[in-house]
Amino acid sequence: MKETILSTARKALAIETEAVQTLETYLDPLFAKAVEAIYQTKGKLIVTGIGKSAIIAQKIVATCNSTGTPAIYLHAADAIHGDSGMISSDDIVLIISKSGESPEIKNLVQLIQHFGNPIIAMVGNMNSYLAKSGQFIINTTVHQEACINNLAPTSSTTAQMVMGDLVAVALMQLRGFESKDFARFHPGGNLGKQLTLTAGMIAETNHQPSVQLTTSLKEVITTISKNRLGATAVIDSNNKVLGIITDGDIRRMLETHNQFQDLTAKDIYHSNPITIAADTLAIEAAKWMEQKDISQIIVVDKEQYKGIIHIHDLMKEGII
């Protein structure tokens, strides 16, 4: 049974892989004109389909909306029963269909033509009613479904999905859509944090442990322990960072000194510590800490001490 499962899965994968690879031949002037039409439209992109193609339409809408292209999903069957009212005069309509011949698609095409909106046909049959009715065409023809009976939409929906991604990515390039723009649409979750959360934001939520060069060793230990960041900054009277003392420095001091009652921060601190600017993204701070093999890093803003972030802070925020 296991061999049958794996053999069937590998064959299906090969068929779908071939379908995706074939899409490169469809990246032609027709594709470019369709993307350009979406880019230049003054309204929204309406994406519609029936059956499995309708599910792909929803995914394309979600991708477009999160990457700078306003889009609305419209089910083809619902469109001919009143939902077509969401289509405004400036919108462009992308109709997705493998056959391009289903009754719902034909009815929808006639309705859109009556409205006068331009139609982009994402279709797997270039001789179909839909293909001949669209002002713009995106070819998603596949030679075989991955379904063992060559019936269930598998390769065809994969082709539609990938082609939809290519449209969205091309539009991103045309719009100059950057990471900061992506962050505006994804403020929540780990992805949003990676694009917006800074080292300074994390440092502000922590205590800001600090001592001066003359601070006694006992007070240094107390400062590190109560703030639970594994370190304290050493600063001057102007809040400028002079160095750092970690709990590791305390352990090493105990190993090398028999008498430490008279020791101060100046006797055990590291001068010129690694620091990071407050406006640095937390994900970049994580990479920097990993590269330097350190567990905490001092955050500064124009040479002013702002706090310390610990690797555990980055883990808690889902950055690493």
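**Helix H5**

I started with helix H5, where I found Ile105, Leu108, Val109 and Ile112 buried. Buried here means under 20% relative accessible area, exposed means over 50%, and partly exposed is in between (1.4 Å probe, protein chains only). These four cover an arc of only 105° around the axis, so they sit on the same side of H5. I noted that the arc is taken from the directions from the helix axis to the C-beta atoms.

Before going on, I reminded myself that this is a predicted model: local features need pLDDT of at least 70, side-chain atom pairs count only at pLDDT 80 or more, and totals for chains, interfaces and linings use all residues. Residues are numbered from 1 along each chain as its sequence is written, and side-chain values use heavy atoms, with hydrogens and water left out.

Helices (H or I, at least four residues) and strands (E, at least two) are DSSP runs, numbered from the N terminus.

What do the buried residues of H5 pack against? I listed strand S1 (45–49), helix H4 (76–79), strand S3 (92–97), strand S4 (119–123) and helix H6 (129–133). Contact means heavy atoms within 4.5 Å. On the face turned away from the buried side, I found the exposed residues Pro103 and His114.

I also checked the length of H5. Its 13 residues (103–115) should span 18 Å at 1.5 Å a residue, and the end C-alpha atoms are 19 Å apart, which agrees. The expected span is 1.5 Å times one less than the number of residues. Just after H5, Gly116 has a positive phi of about 90°.

**Positive phi in loops**

Asn150 has a phi near 55° and lies in the loop between strand S5 (136–139) and helix H7 (155–175). I put Asn150 down as partly exposed, at 38% relative accessible area. Arg228 has a positive phi of about 55°, and I found Arg228 in the loop between helix H11 (217–227) and strand S7 (231–235). With 74% relative accessibility, Arg228 counts as exposed.

**Salt bridges**

Side chains of opposite charge can pair when their charged atoms come close. How many salt bridges does a search of the whole structure find? I got seven, a salt bridge being a side-chain nitrogen of Lys or Arg within 4 Å of a carboxyl oxygen of Asp or Glu.

I looked up Lys59 and Asp165, which meet at 2.4 Å, N to O. Lys59 lies in helix H3 (residues 52–66) and Asp165 in helix H7, so this pair ties together parts that are 106 residues apart in sequence. Lys59 is partly exposed at 29%, and Asp165 is partly exposed at 27%.

Then I took Asp249 and Arg252, with the closest N and O atoms 2.8 Å apart. They are three residues apart in helix H12 (residues 247–256), which means about one helical turn separates them. Is Asp249 buried or exposed? I read 6% relative accessibility for Asp249, so Asp249 counts as buried, while Arg252 is partly exposed at 46%.

Lys287 and Glu284 also form a salt bridge, with the closest N and O atoms 3.6 Å apart. I placed both in helix H14 (residues 282–292), three residues apart, about one turn of the helix. Lys287 is partly exposed at 47%, and Glu284 is partly exposed at 37%.
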